[in-house]
Amino acid sequence: MADTAPDRLNRVLSDIYAAEQENGGVKGEATLVAVSKTFPAEDIQPVLAAGQRVFGENRVQEAMAKWPGLREDYEGVELHLIGPLQSNKAKEAVATFDVIHTIDREKIAKSLKLEMDKQDRNLPCFIQVNTGEEPQKAGIAPHDLDAFVARCRDEIGLEVVGLMCIPPVEDAPGPHFALLQKMADRNGLSLLSMGMSSDYETALGFGATHVRVGSAIFGHRDYPA
Ligand SMILES: *Cc1c(COP(=O)(O)O)cnc(C)c1O
């Protein structure tokens with residue numbers, strides 16, 4: 001019989017614990033963000049029932065459709081936005097999510113801050129870094145990062161907690177994770193959102209505090225995210 005999402009969840013969690021111990025870390029210290037994008041609520045339910053509470057979605061609209069109902073049935077859900085955000089969706093994003101991983105320009109930083117103040121919700125934010133400097137990819141270029149962190153933190157007043165990256169598919173991810181770690185260190189940021197289904201164990205070796213794992217738990221996605 002084919003394995004189920006809860007089986008796969010538990011395998012991913014054991015792999016994470018093993019990697020943490022291998023790296024001299026503390027078991028259970030890293031946060032698994034289970035990426036449920038494209039999967040309907042009925043596929044997410046068993047993973048919630050298995051005890052997972054931290055989830056990632058990449059689209060505001062989709063998250064708004066699925067999560068209010070799931071939150072009614074399960075306490076303690078923490079929802080992370082891991083996809084690009086348009087500033088006209090800032091209001092919905094602040095109302096729907098608990099953590100934002102994808103601050104990638106000043107306009108977004110400002111609209112989010114405005115909405116957070118309006119809704120009296122202070123969401124921790126990661127800044128997305130385009131470590132591979134890919135033209136089609138979102139994120140702040142590495143050489144602009146320090147100034148952008150300072151601007152978000154000191155002038156705009158966002159609660160910047162860490163950095164996030166998605167390495168280029170064709171590259172070995174290690175050097176990108178190492179770069180993100182170095183940039184976080186020099187900016188006094190303690191959290192690192194890096195590592196997906198194919199490379200979360202590598203990411204943990206470079207100090208990832210948040211790994212974003214989708215297909216290794218939920219299975220193959222039929223539709224592009
Ligand atoms: C889809 C997605 C993930 C999860 O990808 P998998 O390869 O399915 O684990 C992680 N991070 C971001 C930003 C994503 O869009």
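Here is a short chat about the chain shown above.

Trainee: Hi! What kind of model is this, and how are residues numbered?
Mentor: It is a predicted model, where local features need pLDDT of at least 70, side-chain atom pairs count only at pLDDT 80 or more, and totals for chains, interfaces and linings use all residues. Residues are numbered from 1 along each chain as its sequence is written, and side-chain values use heavy atoms, with hydrogens and water left out.

Trainee: How many helices and strands does the chain have?
Mentor: There are 9 helices and 8 strands, taken as DSSP runs (helices: H or I, at least four residues; strands: E, at least two) and numbered from the N terminus.

Trainee: And how compact is the chain?
Mentor: Its radius of gyration, over C-alpha atoms, is 17 Å, close to the 17 Å from the globule rule for 225 residues, so the chain is as compact as a globular protein of that length. That rule is 2.2 Å times the number of residues to the power 0.38.

Trainee: Switching topic: what does UniProt place at Lys-37?
Mentor: The unreviewed entry has "modified residue: N6-(pyridoxal phosphate)lysine" there. UniProt positions follow the numbering used here, feature names are shortened, and annotations may be inferred rather than shown by experiment.

Trainee: Where does Lys-37 lie, and is Lys-37 buried or exposed?
Mentor: Lys-37 lies in the loop between strand 1 (31-35) and helix 2 (41-49). Lys-37 is buried, because its relative accessible area is 14% (buried is under 20%, exposed over 50%, partly exposed in between; 1.4 Å probe, protein chains only).

Trainee: What share of the chain is buried?
Mentor: Buried residues make up 48% of the 225.
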